[in-house]
Amino acid sequence: MTMQGYPTPRLITFVAAMALVTSSSQAVLLVNLNAADSSAEGPWVSRCLFPRGGYPVPGAYTAYWQPNGPLRSTNGVGNVKFFTTHDAFGGDGFFGADTTPGSLQTPTGNEPQFVLNGPEPGNFFIELRLRRRGSRFGDSEHVFGMKSENQAEQFIVSLSDGDDDQGAIDIHMKDDDGSAVTHLDQVSLPIRDFEHRFDQLAFSWDNAASLMDVYFNGNLFIEDLAFAGVNLDPASVWNETVIFNRAANDATGQSRFNGDFARIRIMDHAPVFITTEEWVRESYRRPPNFRYGVPEPGTLPLATLCALVLLTTRARSTRRSWT
C-alpha cells in the first residue's frame, strides 16, 4: 500500500495472478453431502456453497426403507451429525438410485447428475467420512457406489466374504467399453464404537493413466493402484450414486453397509492448490461436519477476487477521504 492507502501495482498484479493460477487449478465440487445440513429423516441433500454460482450441483438422494431408512443421529463426542444403518439406532436401507434389473428404486431425476469433464477429463476425487460399526449383515456389504447412466461406468467400494481380510475394502472400477478391474483387501476398516472419531477414505483417480491413489485418515495409503484398461468417458452422466449400498435390488437389506456416514464430497479432480495429501490431511483434522476449514475447492479463486474488490474499494474510499 502507498501512504494514501492505494494498492500498489505490484500488489494488484500479485493478487490478480493468484486469482488466475488458482482458478485454473481448482477442482469443482460436484456433490457436497453433510449430515448436519439435512433433516433427520428423508432425502440427503447436496448443499450449494454458493447458490448463485450454481455449484456444487444441487440435488438430493432419496432414502430407501428396508423397513426403515438410514436414520440421522449425533455422535456422543464432538456433536457430529451422521446417518447410520447400525442396529443400535434402528437404521436401515440406503440412499440413492439404481437401474439394475429388478431394482427397488430407480432414479427420480432429483439426484445430483454430473459429468467428469474438468480440466483433466475423466478424473475424480472422492472423500468419505465414515465409521464401520459392526460385522456385516450378509456375505458381503457395499459401502458406496458411484455409477453412470445404466451403470455403464462404475466406482464401487465394498466388503466381501471371499477375501483374506473380511474387514478390508475392495475397490471396483468399470468403464463403458466393458473393461473392469477389482482390487481386493485394500484398506482395513476397523469396527468403531459410538465415541470414536470418524475415519476418512479418499480416492484420487487419474483417468489418463488408469491409476488411483487411496488415502486413509489423512495419509497416502496406496499410491498408483492400477486399473489397466479402464478409462472413463468424460461425457458420461453420473446419476446413480448409492450410499450404504451398491445396488438397490436387494430386498433383504443384507448387502448394505453396517456403519455411519457423516460427510461425502465428490469432485471432478483432486485438489491441487496445495498437494492433494496436504489437503486430505487438513480435511481429516477438521470435524466431519465442518463447512469451511480448508477453502472448499473453487472458493480460493473467489476469495482472491474478493481481496481484489476489497483493495479497490479501499482505494476508492481513501481517495474520497482525501478530496
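**Note on the predicted model**

1. Start with a residue in a turn region. Q151 is buried, because its relative accessibility is 13% and the cut-off for buried is under 20%. Its place is the loop between β9 and β10. Q151 also has a positive phi of about 60°, although it is not a glycine. Bear in mind throughout that this is a predicted model.

2. N150 sits in that loop too, between β9 (140-147) and β10 (154-160). Its phi is positive as well, near 60°, and N150 is not a glycine. Is N150 buried or exposed? It counts as exposed, because its relative accessibility is 64% and exposed means over 50%. As background, most residues other than glycine have a negative phi.

3. Another positive phi belongs to N217, at a value near 50°. N217 is in the hairpin of β14 and β15, which has two residues between its strands. Five bridges hold β14 to β15 (residues 219-226), and the two run antiparallel. F216 has N219 of β15 as its bridge partner.

4. Check the peptide bond between Q66 and P67. It is cis, with omega about -5°. P67 belongs to the loop between β4 and β5 (71-74). For reference, most peptide bonds are trans.

5. Now the sheet. Seven strands form an open sheet with antiparallel pairing, in the order β4-β7-β16-β9-β10-β11-β12. Which strands stand at the edges? They are β4 (63-64) and β12 (180-188). Each has a single partner strand, so one side of each is left without a neighbour in the sheet. Strands of a sheet pair through backbone hydrogen bonds.

6. One of the bridge pairs is H172 with T182 of β12.

7. The model has 16 aromatic pairs. One of them is F95 with F244: the ring centres are 6.4 Å apart and the planes meet at 35°, so the pair is tilted. F95 lies in strand β7 (residues 94-96), while F244 is in the loop between β16 (242-243) and β17 (259-267). The pair therefore ties together parts that are 149 residues apart in sequence.

8. How accessible are these two rings' residues? F95 has a relative accessible area of 0% and is buried. F244 is buried too, at 0% relative accessibility. Both belong to a cluster linked by ring pairs, made up of W44, F83, F95, F244, F257 and F261.

9. Two arginines sit over phenylalanine rings. The charged end of R131 is over the ring of F82, 5.0 Å from its centre. R256 lies over the face of F137, at 4.0 Å from the ring centre.

10. Last, the largest pocket. It holds about 170 Å³ of space. Its lining has 13 residues, and N123, S204, W205, D206 and A270 lie nearest the centre. By class, the lining residues are five nonpolar, four polar and four charged. Which strands each supply at least two residues of this lining? They are β13 (199-206) and β14 (211-216).

Conventions:
Residues numbered from 1 in each chain as written. Predicted model: local features only at pLDDT ≥ 70, side-chain atom pairs only at ≥ 80, totals over all residues. Heavy atoms only, no water. 1 Å grid on protein atoms, 1.4 Å probe; cavity = no way out; pocket = protein on both sides within 12 Å on 5 of 7 lines; lining within 4 Å. Points joined across faces, edges and corners; volume = space filled by probe spheres on them. Helix = DSSP H or I, 4+ residues; strand = E, 2+ residues; numbered from the N terminus. Nonpolar A, V, L, I, M, F, W, Y, C, P; charged D, E, K, R; others polar. Phe/Tyr/Trp six-rings, centres within 6.5 Å; stacked < 30°, edge-to-face > 60°. Buried < 20%, exposed > 50% of the residue type's maximum accessible area, 1.4 Å probe, protein only. Lys NZ or Arg CZ within 6 Å of the ring centre and 35° of its normal. Pairing = 2+ DSSP bridges.
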